[in-house]
Amino acid sequence: MNLREIKKLKITFFITSLLLLASCGWWASKIDIEDAKKDLLWDNYNASQNNTEDNSDTSNNKIDDNKSNLTAPEIPERKEFVTIDNIWGVDAYTQEVKITWNVETSVDKIVVKFSNSTSDFPDDEFQLTKFKPGDKTFEYNAYKRFQVLDTGENNYEIIAYKWEQKASSFITITIPEKQESISELDTDNENTSTTTSEWFWTEDDYLAIDLPENENIWNVLKLSNTNFTYSKIDDFEVKKLDKPLDLSCTSDEVTNYLINNYGWTYWNTCRPFDNSDDSKWVSFFVLRLSGDKYFYEKHYYDKKHGLYGIKTLETGEWIDKNNIWEKNKEFKTKDFDNDIEWSDEVFKIITK
């Protein structure tokens, strides 16, 4: 190779090197630009997620979301991994509760922690062995015989794990103590009674009340979050009303209320409890039609607590709108004292 060819080769190599360096600089610049775009997109995404969470309804269940250990770009925190269903009908006699929930995302495992500081079995931790990744619903048996439910505040932490992330949902189930008291339910004998604390609630209001229990009426049976009955009083139900009523025996409110809620009705014998001031509670007998049937009932309204009770006395099919008025007069003369004895006493006690 002569000198001219060597110089030509050097020049070619130099030009090629310059081109390569320029090319590398262009690619490096392009990578920087793409990284900047990604950072901007992540910032916008995180901001939109935060705005969505700020404007959303808050859950009744407390959530503890732990941040991931992943490096930037940071993964947005999840609000929750599971949503716990509402629990109804818990009272002093409850020994079994099923806690159910919906799994909101793909979860690897679920652990439930239990604690009750006043119990003889104060804590427990259990991984749900039947839960498999991909399951959308599950339940946990909070049973007293499993030593994960007792009188007092029972706290449950449901921890859902997903990769390095985890989210905790919390729920508390309070089992009230049975309180003993003396109540003169039977006028001839003083019977030892107990009271059980119950919670009733509607969308706009709630009520905490001690309800009597004894051998004459037996136990309170909670039918829903607003309704209850007694195990030994047949055809009797009490409901927590959404809004208070203005029912007075000296006004047209009873007529208006019954017609608006039951249609064809006649009523008789409206009385304040114990023949006293009707500012506390009133009762009256109602004859109403429903389809081809009639119902003769005694209605109770406790103004103090917003409780409305109905004791059904007789049903049949031989009354219609043409003879309901005269049949109401006939029922007014009939004796139902034995049928209403204990439903009367329940309202006398809870309205004291």
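Lys298 and Asp344 are both buried. In this predicted model, their side chains meet in a salt bridge, with 3.1 Å from N to O. The pair joins distant parts of the chain: Lys298 belongs to strand β17 (residues 293-302), Asp344 lies in helix α4 (residues 337-350), and 46 residues separate them.

Another salt bridge is formed by Glu297 with Arg288, where the closest N and O atoms are 3.0 Å apart. Glu297 and Arg288 are buried as well.

Glu96 and Arg145 form a further salt bridge through their side chains, at 2.4 Å from N to O. This pair also links distant parts of the chain, with Glu96 in strand β3 (residues 96-103) and Arg145 in the loop between β6 (137-143) and β7 (152-162), 49 residues apart. Are these two residues buried or exposed? Glu96 has a relative accessible area of 44% and counts as partly exposed, because that value lies between the limits of 20% and 50%. Arg145, at 57%, is exposed, because its relative accessible area is over 50%.

Helix α3 comes next. Within this helix (residues 324-333), the residues Ile324, Lys327, Asn328 and Phe331 are buried. Viewed down the axis of α3, the buried residues fall within an arc of 105°, so they line one face of the helix. What lies over that buried side? The covering elements include β15 (265-272), β16 (281-290), β17 and β18 (307-316). On the face of α3 turned away from the buried side are Lys332 and Thr333, which are exposed.

The confidence of the prediction remains to be considered. The average pLDDT of the protein chain is 76, and 70% of the residues score at least 70. Over residues 37-43, pLDDT stays under 50, and the model has three contacts for this stretch beyond four places in sequence. Residues 181-190 also stay under 50 in pLDDT, and for them the model has 21 contacts beyond four places in sequence.

Notes. Residues numbered from 1 in each chain as written. Predicted model: local features only at pLDDT ≥ 70, side-chain atom pairs only at ≥ 80, totals over all residues. Heavy atoms only, no water. Salt bridge = Lys/Arg side-chain N within 4 Å of Asp/Glu carboxyl O. Helix = DSSP H or I, 4+ residues; strand = E, 2+ residues; numbered from the N terminus. Buried < 20%, exposed > 50% of the residue type's maximum accessible area, 1.4 Å probe, protein only. pLDDT = per-residue confidence, 0-100. Contact = heavy atoms within 4.5 Å. Arc of directions from axis to C-beta.
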